[in-house]
Amino acid sequence: MLRILQAVLSQLVVHGTLHVVLPDGRRFSCGDGSGAPVQIRFADRMALWAFLLDPEMKLGELFMDRRLLVEQGSIHGFLALILSGARGQPASLLERALDHGRFLLRHLTTRNTRDRSRDNVAHHYDLDDRLYALFLDADWQYSCAYFENPEQSLDDAQLAKKRHIAAKLLVEPEHRVLDIGCGWGGMCLYLTETAGAREALGVTLSREQLAVAQERAQRSGAGERARFALQDYRDVVGVFERIVSVGMFEHIGPRFYPAFFETCRRLLSEDGVMLLHTIGCSDGPNHTNPWLNRYIFPGGYLPALSEILPAAEKAGLIVTDVEVLRLHYAKTLQAWRERFMARREEALALYDERFCLMWEFYLAMSQAAFEHQDVVVFQLQIVRHQEAVPLTRDYIDERKATLRAAEAAADTARKPSNLAPAA
């Protein structure tokens, strides 16, 4: 057992420093001695077998159950060591068999009917809102931020993400906007209050998110222009000049891509513009990580462009712009993880220790995947007619300048005046 584990980890950890302690106290080290050292301990012999036979599924479970302990460094540091070393390494026969089986079963694990979609959403998004308040930005954006420079704060980067999307949407004052998977309402409020859309409808399957979004709209005075509904996107009726969907496409499943794009075409006006923002795989179709599917995002699936584009084309839609955001989500997740860990005791007051370990692993694994695997964010601009958007991309920066001015004006209006009252 020791030799097998040492051979596997030594092949993965070539750079960096990893110390491994076995249940009987024996230990070994891997790597070239560089970087901050990471030390892990396996609590029992069966934990070794679980890790070796199915690390994709079992590593997270071992960490949650304290059968794999990180005694020096962090679980993110350990994951970064093994994932960075795994790039370009040939998979074992067992790994290839598991991957192939999970890929073949992806249509079953992502069979997201209306009822199943509601259950999947409730599993993750109907958790206590106080949990999300521990690590999200002030606007509660639970998707990839857009870092315009490395030093930008999370709040500013999330604002930049909304601005970037709004610029691509080319929102005008007469437009009605549909937000598919609206979260806690921040995008709808930005598109109405800052981008100037006539009205926006946000649909979600999360009761908790719906309540927060509606309360925010009323509090901001945008209740008449920004509306929210507990509704499946397939059941929306009407015509919208703009459609946006951020971080929702990952929950659809590949068998439902045709229905998604056919629905969007039905809802989008003749000269309308749609912006789809989704996590995806840059190396082609793959299976969903089984641990994430079981514990965090049941029914989730990360698409490849080769899966998205044919479905959009068959629905009669035209993709006019594709942007790949690389490492932006890694920085976002790093900020979330650091914030979560800084307030971990508050999370423990809401949930138990196993839950906190699960979320620590989720945030760390996701960050490491964006850093060291072929996981990215796609932004696709989609239309029904090619004349719906300008011929060059110059308009994006021009629109951003206008939006920044609107943001500044709104900030000034919210601040109390420093001028003394007239005598």
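How many disulfides does a search of the whole structure find? The search finds 0, where a disulfide means a pair of cysteine sulfur atoms within 2.5 Å.

Before you start clicking, note that this is a predicted model, in which local features need pLDDT of at least 70 and side-chain atom pairs count only at pLDDT 80 or more, while totals for chains, interfaces and linings use all residues. Residues are numbered from 1 along each chain as its sequence is written, and side-chain values use heavy atoms, leaving out hydrogens and water.

**Stop 1: the whole chain**

Show the cartoon and you will see 18 helices and 11 strands; these are DSSP runs numbered from the N terminus, with helices being H or I of at least four residues and strands being E of at least two. The C-alpha trace spans about 75 × 65 × 40 Å along its principal axes. For 423 residues, a compact globule would have a radius of gyration near 22 Å, and the chain agrees with 23 Å (taken over C-alpha atoms; the rule is 2.2 Å times the number of residues to the power 0.38).

Of the 423 residues, 53% count as buried (under 20% relative accessible area, with exposed over 50% and partly exposed in between, using a 1.4 Å probe and protein chains only). Contacts, meaning heavy atoms within 4.5 Å, reach across the sequence: among those with a separation of 6 or more, 73% join residues 24 or more positions apart.

**Stop 2**

Select Cys144 next. Cys144 is in no disulfide, and the nearest cysteine sulfur, belonging to Cys281, is 15 Å away. Cys144 is buried, at a relative accessible area of 0%. Now pick Cys356, which is also buried at 0%.

**Stop 3: Thr204**

Move to strand β6, residues 199–204, where you will find Thr204. Thr204 counts as buried because its relative accessibility is 6%. To see what surrounds Thr204, show Cys182, Gln209, Leu210, Ala229, Leu230 and Gln231: Thr204 touches these, leaving aside residues up to four places away in sequence.

**Stop 4: two leucines with positive phi**

Select Leu170, in the loop between α9 (154–169) and β5 (176–180). Leu170 is not a glycine, yet its phi is positive, about 55°. Is Leu170 buried or exposed? Leu170 is buried, with a relative accessible area of 7%.

Finish at Leu327, in the loop between β10 (318–325) and α15 (328–342). Leu327 has a positive phi near 70°, and at 46% relative accessibility Leu327 counts as partly exposed.
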